[in-house]
Amino acid sequence: MFLFNKSKTKAFFNGLVDFHNHILPGIDDGSKSISQSIEMLNLYDELGIHQVLCSPHVYKDLYPNTPQSIGEAYKKLLKTTANHAVELLGYSAEYMVDEFFIKEIKSDDKLLAFLNENVLIEIPFFAELNLLEETLFLLLNQSYQPILAHPERYATIKTLDQIKTLKQKGARMQLNALSLVGYYGKDVQEKSLDLLEKDVFDFVCTDAHNPFQLKQLQKLQLSRKKLKAWDNLKEKHISQLAR
């Protein structure tokens, strides 16, 4: 297949707000230190991404973060990077959909939403979809807008019809750009490219955990046909966050 590679990687990512990443230091499986977070910001600048909204894991069994722990980590990073070319827009979270998250929604505690009450969620990679569908219903009933992170990576989401059903139930879909470069393996790469062309995604983010992953995005190549789908997705991403 003929691949079309824009001469500057910035052309792919320029103008995007990355709202899914793990740049906050020391609170999940992402950045390990302030210095590593700064290295990630430098790489964001090289990619052409100049606005980042931090989204660490909230997963009771592994990363039991709270608004307080996330807020403290954000303040430390913000203080160190106040004059950086990449702007930190604030923080939210990537919530794991499990029974603890269901209880949190039902408790009426304010979730860490961002930009028009969006809430970023994920599911275990081999999870059944019943709990996800219940979560979508509960979030929508509380006027949140659920965004499902990286649907191309889940083993239980295999078909276009499944994604369409989830979208009908209120989920918007966020593609990991790393999927397109084969970072998670060939199967996920092929699945993500197919779904990109079928226009099922609403957003694209990095889900970067470290500098190495951001460097992988410098290798992004797309065929002319996929490039058109990418540009459409990028336009959709920007316009929806501007509402």
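Predicted model: local features only at pLDDT ≥ 70, side-chain atom pairs only at ≥ 80, totals over all residues.
**How the labels are reached**

User: What makes C205 buried or exposed?

Analyst: Its relative accessible area decides that: C205 has 2%. The cut-off for buried is under 20%, so C205 is buried.

User: How do you know that the sulfur of C205 is too far from that of C54 for a bond?

Analyst: A disulfide needs two cysteine sulfur atoms within 2.5 Å. The closest cysteine sulfur to that of C205 is in C54, 12 Å away, so that is too far for a bond. The structure holds 0 disulfides.

User: How do you know that the length of α2 agrees with what a helix should span?

Analyst: Helix α2 covers residues 34–47, which makes 14 residues. At 1.5 Å a residue, α2 should span 20 Å, and its end C-alpha atoms are 20 Å apart, so the two agree.

User: What makes the buried residues of α2 line one face?

Analyst: The buried residues are S37, M40, L41, L43, Y44 and L47. Looking down the axis of α2, they fall within an arc of 165°, so they line one face of the helix. As background, an α-helix has 3.6 residues a turn, so residues three or four places apart point the same way.

User: Which residues have the most contacts inside the largest nonpolar core?

Analyst: Those are F13 and I121, in a core of 75 residues. Among the residues F13 touches are L47 and G48; G48 follows α2 and has a positive phi, near 95°.

How values were computed:
Residues numbered from 1 in each chain as written. Heavy atoms only, no water. Buried < 20%, exposed > 50% of the residue type's maximum accessible area, 1.4 Å probe, protein only. Helix = DSSP H or I, 4+ residues; strand = E, 2+ residues; numbered from the N terminus. Expected span 1.5 Å × (residues − 1). Arc of directions from axis to C-beta. Core = buried A, V, L, I, M, F, W, Y, C linked by side-chain atoms within 4.5 Å. Contact = heavy atoms within 4.5 Å.
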